[in-house]
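Please open the model in your viewer and keep the selection panel at hand.

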Protein chains: 2
Amino acid sequence: MPVLVMKFGGTSVANLDRIRRAAKRVGVEVAKGYDVIVIVSAMSGKTNELVGWVGETSPLYDAREYDAVVSSGEIVTAGLMALTLQEMDVPARSWQGWQVPLKTNSAHSQARIEEIPTDNINAKFGEGMKVAVVAGFQGISPEGRVTTLGRGGSDTTAVAFAAAFDAERCDIYTDVDGVYTTDPRICDKARKLDKIAFEEMLELASLGAKVLQTRSVELAMRYKVKLRVLSSFEEQSDEAGTLVCDEEEIMESNVVNGVAYSRDEAKLTCLSVADRPGIAATIFTCLSEAGVNVDMIVQNISEEGRTDMTFSCPTDQVKRAEAALSSHKEKGDLNYGELVADTGVAKVSVVGIGMRSQSGVAAKMFRVLSDEGINIKVITTSEIKISVLIDRKYMELAVQALHDAFDLDKAS
Amino acid sequence: MPVLVMKFGGTSVANLDRIRRAAKRVGVEVAKGYDVIVIVSAMSGKTNELVGWVGETSPLYDAREYDAVVSSGEIVTAGLMALTLQEMDVPARSWQGWQVPLKTNSAHSQARIEEIPTDNINAKFGEGMKVAVVAGFQGISPEGRVTTLGRGGSDTTAVAFAAAFDAERCDIYTDVDGVYTTDPRICDKARKLDKIAFEEMLELASLGAKVLQTRSVELAMRYKVKLRVLSSFEEQSDEAGTLVCDEEEIMESNVVNGVAYSRDEAKLTCLSVADRPGIAATIFTCLSEAGVNVDMIVQNISEEGRTDMTFSCPTDQVKRAEAALSSHKEKGDLNYGELVADTGVAKVSVVGIGMRSQSGVAAKMFRVLSDEGINIKVITTSEIKISVLIDRKYMELAVQALHDAFDLDKAS
């Protein structure tokens, strides 16, 4: 039997009615002859509640306990989905991460998938089970403890299963009907894309477009998983949503295909760092060991042997970053004057594979922002994107102005 | 190190503040030099919410999925308790049922504990861990699926751990300060007992006194586990609460030591059953296979080769009982006229080890109920208890009248 992977996000399983609705979609695919692997998230709000409890209990929590607590939401949805399918006479059972087992490394709260053995689930398919409902976002470490894959890890779970089971397609059901040129909630001219290249999706995902988790797109690109994003709230045809695919499958494209933003950014600066070889390595090794996801990095021009080192990270990791740096400062590994945190910034980016062959995009972006009176704090670029850090209060304005300037409301 | 088991029920871990309070109690025992195994329930209300979702999704649910869903509440509390202890600098970690592993049989939703290997947890105690926080109520089947031990199964988990680890004592922290002669909420003369015999506690527990689960008392009796029930809401001395112990440790006792009740009882009658050998076996095998907990059984006098068979079970199992019996009737294994269910009944019982040597307790009980105009529907007796099924509306009245009549407000 061909295998299909279907992933339902938190809003698609927010209550029993929505679980039933999702189960009906699964039933449609089973009727077409697929063996289906369903990956579920926690009911919307649940994971945030659990994360909140952990944070309140222990600000610098033990990530192993965080994982044990936070992974419980998906277990509930998986069981309820299996029961709902059984009620519809579709043979189904639930699987928790450790039961598959979805094997990860020991990097708790941000674990990486190492292996998904297919024998247990395939044996059940062989016995007539039509749907394996798998609790997303979680796995088991070599030490036998529960791990989680980081926020949005259910997308990654879905793509990894699609790769492991050589699935025909991986459908990601969510509360939006596809991938947009930007967030329609802050720009009413946002337009749905029928197709988007893996590379572009990757930049959009990592820049904060919350449709798909970055790692899931990376994984899909590496294993050539046909990935589709579509709404669980609409009747769906086989061409609905947005297909995330190889660049070659897209005929013509705008220079810029999307404007992304990320609200939860913080900018930290280590003032007066000794400007000598190895200092950057020391700082960022220490941050990495503390589990801080550093994004942008800027080093200012050196004066009298001292320099300022600026970087950005998610706002909720600022405390962790500060603790890590000051503990190394106390130990004497690291010497800097002061650590300044600015938690009032946002990141805005333009993305497009067309940038590879078209120049002038950066200049145009900076001019647009300047015309709106928006000051740029940090800039980074890649082959197909340009990102800037700006004051958070200008974020919406910047997104709208860039969307207009690059004609994103018009199909190419 | 001597081992102590401490179990905290749902109200004792209802929110983060209460978890902190419970953790402080654990800290006190750790400071005395104990290695502590903490067994936690789900936050109060959580299990009911999960059970409700399962029932709404699938009235005749697959018990394996029920277990997967319903066991998640304890996982959350275990992780939060471990984090709270770590914040207090007490080395602790959480254990889910399958991680211990607490091995059970495959009787999902009412599984029985088969083995608790001590090596994993003892190894961690050896490495300096002071507290193992174990998610109560759950285990793992030989097939590798999550099982639950039935409602209140966290008490059973606690006693089983106390037996397996040869604990010095098993303290059950709950929202009451001990075992009472009856429920203080419906009888304001109820009196706290300092000690109660295992046998009495067993009858009280199985009769619906919700302080301890029946199986936990059975287990404590079998393995001579010193069991103490006490409040998590008061400062505790070493003599607080009620000690559940061997009969020999109690000097003098009233004839009757407790009045228990159970509100959620239903009475079912199979009318006009063929009165031939094997018919009772057929009926109750069929109910047992359907997982119905039959309590009282009465067979009426036979007329013309037909008889009526009456039994009681929890109200939430009535549908299951009806489905099981009617399916066997359809298959022709079972022949009866009609199945009549009365879900408006309650059970009231008097219990006391003194009954063994004192006669006249039954007569007195029936006279007291008769004086109040309460009709008795079914009677059962054991060596140390007498139970009656009555209309639910008379339940409180019956309890109060019996408590008065047997002078339970006065210590012996």
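**The interface between the chains**

Begin by selecting both sides of the contact (heavy atoms within 4.5 Å): chain A contributes 37 residues and chain B contributes 37 residues. This is a predicted model, in which local features need pLDDT of at least 70 and side-chain atom pairs count only at pLDDT 80 or more, while totals for chains, interfaces and linings use all residues. Residues are numbered from 1 along each chain as its sequence is written, chains are lettered from A and ligands numbered from 1 in the order in which they are written, and side-chain values use heavy atoms, with hydrogens and water left out.

Between them, chain A and chain B bury about 3200 Å², 62% of it on carbon and sulfur atoms; buried area is the accessible area (1.4 Å probe) that two parts lose on being put together, summed over both. Next, select A:Thr57, A:Leu83 and A:Trp98, the residues of chain A that lose the most area to chain B, together 19% of what that side buries.

Now display A:Glu49 and B:Lys46, which form a salt bridge with their closest N and O atoms 3.9 Å apart. The count between the two chains is two salt bridges, each a side-chain nitrogen of Lys or Arg within 4 Å of a carboxyl oxygen of Asp or Glu.

At least two residues of the side that touches chain B come from each of helix 1 (16-31), helix 2 (46-57), helix 3 (63-70), helix 4 (72-87) and strand 3 (92-95) of chain A. Helix 4 of chain A supplies the largest share, 10 residues.

**Two helices of chain B**

Move to helix 3 (residues 63-70) and helix 4 (residues 72-87) of chain B, whose axes come within 5 Å and cross at roughly 25°. The axes are lines fitted to C-alpha atoms over the stretch in contact, with angles from 0 to 180 degrees between N-to-C directions. Helix 3 of chain B is therefore roughly parallel to helix 4 of chain B (angles under 35 degrees). To see the contact, select B:Ala68, B:Val69 and B:Val70 of helix 3 with B:Ser72, B:Gly73 and B:Glu74 of helix 4.

**Backbone details**

Most residues other than glycine have a negative phi, and most peptide bonds are trans. Select A:Val100 and A:Pro101, joined by a cis peptide bond with omega about -15°. A:Pro101 is in the loop between strand 3 and strand 4 (103-104) of chain A. Finally, centre on A:Lys224, a non-glycine residue with a positive phi of about 55°, in the loop between helix 8 (214-223) and strand 13 (227-231) of chain A.

Terms used:
Helix = DSSP H or I, 4+ residues; strand = E, 2+ residues; numbered from the N terminus. Parallel < 35°, antiparallel > 145°, perpendicular 65-115°, else oblique.
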